Amino acid sequence: MRGIFIVFEGIDGCGKSTQLSALRERLRSLGVEPLVIREPGGTPVGEQIREILLERPLEMEPLTELLLYEASRSELTRKILRPALEAGHVVLADRFAMASLAYQGYGRGLDLTLVQQCNTIATEGIEPSMTIILDIPVAVAFARKKKAFDRLERAPSEFHERVRQGYRELAQKTPRSILLDGTRPAAELAEQIWKAVRPFFQF
Ligand code: TMP
């Protein structure tokens with residue numbers, strides 16, 4: 001595929017949305033208008049699934065949770081992501097399939113092979129050009145949060161510790177990924193991210 005696909009990952013409150021915006025602005029200043037997507041969501045069905053997953057106080061089985069994330073991902077992949085990459089666009093994503101491995105696999109305890117299989121179905125095998133993982137202690141991340149907590153954020157801190165550990169392991173296992181210290185100043189992180197993604201562009 002002709003496009004460039006850059007994914008931001010990390011526990012809630014790690015600063016990925018701030019860094020995604022910084023990269024978008026930098027690309028814009030160089031004349032590139034990236035397409036920004038987020039998971040779960042990004043399509044009409046995906047946004048409804050997002051509400052079920054995050055906004056409603058529902059109790060659900062870990063497998064149900066996984067399949068809802070995958071349903072949102074499948075819709076986003078077919079309707080938006082694949083067409084954009086085939087057309088040669090730059091796509092920046094606030095989370096993608098690695099989040100299901102970290103949250104539903106390491107966090108909820110679902111079998112990682114099962115999660116990977118579901119990811120492959122939902123993504124049609126599309127993989128990021130680069131995944132940027134921001135690593136930060138759970139206590140620091142949660143101290144930063146200003147908005148009301150959603151359903152996942154209300155999970156106990158041990159859950160978020162497992163997710164963080166999961167991301168650290170996934171960073172080691174995943175080609176074309178980097179783990180950065182999310183406690184560093186935002187401007188410094190933005191430079192590190194730029195260094196990592198710049199080779200994909202011909203500036
Ligand atoms: P966010 O948009 O604030 O990052 O919220 C998304 C939440 O959903 C966040 O708590 C992480 C969680 N999540 C999963 O548990 N599995 C997934 O596959 C994805 C994409 C997100």
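**View 1. Helices around the largest pocket of the predicted model.** Helix 1 (16-29), helix 2 (44-55), helix 3 (62-86), helix 4 (97-107) and helix 8 (186-197) each give at least two residues to the lining of the largest pocket. Helices (H or I, at least four residues) and strands (E, at least two) are DSSP runs, numbered from the N terminus. A pocket is an open set of points on a 1 Å grid over the protein atoms alone, where a 1.4 Å probe fits, with protein on both sides within 12 Å along at least five of seven lines; lining residues have an atom within 4 Å of a point. The lining has 39 residues, and Asp12, Lys16, Ser17, Lys145 and Glu153 lie nearest the centre of the largest pocket. The volume of this pocket is about 970 Å³, counted as the space filled by probe spheres set on the points, which are joined across faces, edges and corners. By class, 13 lining residues are nonpolar, 8 polar and 18 charged (Ala, Val, Leu, Ile, Met, Phe, Trp, Tyr, Cys and Pro count as nonpolar, Asp, Glu, Lys and Arg as charged, and the others, Gly among them, as polar).

This is a predicted model, in which local features need pLDDT of at least 70 and side-chain atom pairs count only at pLDDT 80 or more, while totals for chains, interfaces and linings use all residues. Residues are numbered from 1 along each chain as its sequence is written, and side-chain values use heavy atoms, with hydrogens and water left out.

**View 2. The second largest pocket.** This pocket holds about 480 Å³ of space. Its lining consists of 22 residues, with Ala97, Leu101, Gln116, Glu127 and Thr174 nearest the centre. Helix 4, helix 5 (112-123) and helix 7 (157-173) are the elements that supply two or more lining residues. Helix 5 gives the most, with 6 residues. The lining has 11 nonpolar, 8 polar and 3 charged residues.

**View 3. Contact of helix 3 with helix 5.** Leu63, Leu66, Leu67, Glu70, Arg73, Ser74, Thr77 and Arg78 in helix 3 meet Leu114, Val115, Cys118, Asn119, Ile121, Ala122 and Thr123 in helix 5 (contact means heavy atoms within 4.5 Å). By class, this contact has 8 nonpolar, 4 polar and 3 charged residues.

**View 4. Two backbone details in loops.** The peptide bond from Glu39 to Pro40 is cis, with omega near -10°. Pro40 is in the loop between strand 2 (35-38) and helix 2. Arg95, a residue other than glycine, has a positive phi, near 80°. Arg95 sits in the loop between strand 3 (90-94) and helix 4.
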